[in-house]
Amino acid sequence: MTTLEIDHAGIGEEPGAALPVVSAVAGPHRPGIVAVETEQAPVLASLVAGGRMKPETGRVLVDGHDDPAAIRRAFALVDTPGIAEPFPVMTLRRIVREELAFAGRRPSREHVDTVLDELGMTAYADTHVQRVPTDVRVRLLVELALLRDGITGLVITSPERHGGSVEGWFAVVRDVAMRGVTVLLVTSKAAAATAERLLATIPVPAEDTSVPEGPDDATSTTGGEPSLPSESLESRS
C-alpha cells in the first residue's frame, strides 16, 4: 500500500507565488486533499504531487522516501489541464480506445465496448466528453488510468471545473479509495471544504492501522501563471 506525503511544497515566493506552500497526506482508504486557487496553481500542485515537477521549497515523499521516479511509476495524473485531459470533443469511445492502447491493451472495438459496458457508460459511448456529467467523466478517466501497469495511486485535478455537485464526483473518489487506491485530490478551496466533510463517509478497514491523518490546511495562490503545454491526452508523463 502506498502513502503520498506533500510536505510544505511550493513554487515561487510570497506574495504571488505560483504555488503557495501546500501540505497533504494521502493513503489507502483516506484520500488527501490539496486546496489551491487560480487557473494554473492546480496544475502545478498536480505536477509536484505526481513527481513530474520538483518544488522549490518542501518535498514530496512516497512511503517516506524522496523518490520522484517511484512516484511517477505509481501515480497517474487524472484530468490535469494541459497535461492529461481529453480534448472536449473526444467521444468516450475514442478516449477508451486511446487509453487502452496507452496501457498496452488491445484497443479493439469489442474491447472498447466491453470497458464501456462494465462501467455502465454504453449510452454515452458516442457522446463528447464535454457533454457528460462530471461524475461520469471522472469515473471514466480514473478507471482507465488504473488499467496501466504499476499504477497504485491517482492525482485527480480540479473535477469541480466541469460543474455538478461535489457529492456527485466525490462518490467516485470514495469508491476508488475503498478499493485501496491512494488518491490525492487537487481542488478549489470551496470544493475542498465539502470534500473534507465527505471523508468521513469512507469506511476504514479495522485492520488498517496505517491510515494517515487528514491533510494540513493549504494556502491559496494569487501569483503568476507559467505557460504550460497545450491540452493533449497523449502528453501524459
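**Close-up views of the predicted model**

View 1. The strands follow the order S2-S1-S4 and their pairing is antiparallel. S2 and S4 (57-62) form the edges, each pairing on one side only. Five bridges join S1 and S2 in the antiparallel sense. Ile 11 stands opposite Leu 19, a residue of S2. Strands of a sheet pair through backbone hydrogen bonds, in either the parallel or the antiparallel sense. Helix H1, residues 41-49, lies across S1, S2 and S4 and runs at about 130° to S1. All of these details belong to a predicted model.

**View 2. The cis peptide bond between Glu 14 and Pro 15.** Omega for this bond is about -5°. Pro 15 belongs to the loop that connects strand S1 (4-11) with strand S2 (19-26). Most peptide bonds are trans, and most residues other than glycine have a negative phi.

**View 3. Positive phi at His 29, Ser 158 and Gly 104.** His 29 is not a glycine, yet its phi is positive, about 75°. This histidine, His 29, sits in the loop between S2 and strand S3 (32-35). With a relative accessibility of 7%, below the 20% limit, His 29 counts as buried. Ser 158 also is a residue other than glycine with a positive phi, near 50°. The loop that holds Ser 158 runs between strand S6 (153-157) and helix H6 (166-178). Ser 158 counts as buried because its relative accessibility is 5%.

**View 4. The largest nonpolar core, around Leu 154 and Phe 170.** This core has 43 residues, and Leu 154 and Phe 170 have the most contacts inside it. Leaving aside neighbours within four places in sequence, Phe 170 is in contact with Leu 185, Ala 195, Leu 198, Leu 199, Thr 201 and Ile 202. Another core, of 30 residues, lies apart from the largest one; among its members are Ala 18, Leu 19, Val 43 and Val 48.

**View 5. Ala 35 and Ala 192, brought together from positions 157 residues apart along the chain.** The C-alpha atoms of the two alanines are separated by 5.9 Å. Ala 35 is part of strand S3. At a relative accessible area of 10%, Ala 35 is buried.

**View 6. The buried residues of helix H3 and what covers them.** In H3, residues 92-102, the buried positions are Leu 92, Arg 93, Ile 95, Val 96, Glu 98, Glu 99 and Leu 100. Their cover includes helix H4 (109-118) and helix H5 (134-145).

**View 7. The largest pocket, of about 160 Å³.** Thirteen residues line this pocket, and those closest to its centre are Met 53, Lys 54, Pro 55, Asp 66 and Pro 68. S4 and helix H2 (68-74) are the elements that give two or more residues to the lining.

Key:
Residues are numbered from 1 along each chain as its sequence is written. This is a predicted model: local features need pLDDT of at least 70, side-chain atom pairs count only at pLDDT 80 or more; totals for chains, interfaces and linings use all residues. Side-chain values use heavy atoms; hydrogens and water are left out. Helices (H or I, at least four residues) and strands (E, at least two) are DSSP runs, numbered from the N terminus. Buried means under 20% relative accessible area, exposed over 50%, partly exposed in between (1.4 Å probe, protein chains only). A nonpolar core is a set of buried Ala, Val, Leu, Ile, Met, Phe, Trp, Tyr and Cys residues joined through side-chain atoms within 4.5 Å. Contact means heavy atoms within 4.5 Å. Two strands pair if DSSP finds at least two bridges between them. Axes are lines fitted to C-alpha atoms, for helices over the stretch in contact, and angles run from 0 to 180 degrees between N-to-C directions. On a 1 Å grid over the protein atoms alone, a cavity is a set of points where a 1.4 Å probe fits but cannot get out, and a pocket is an open set with protein on both sides within 12 Å along at least five of seven lines; lining residues have an atom within 4 Å of a point. Grid points are joined across faces, edges and corners, and a volume is the space filled by probe spheres set on the points.
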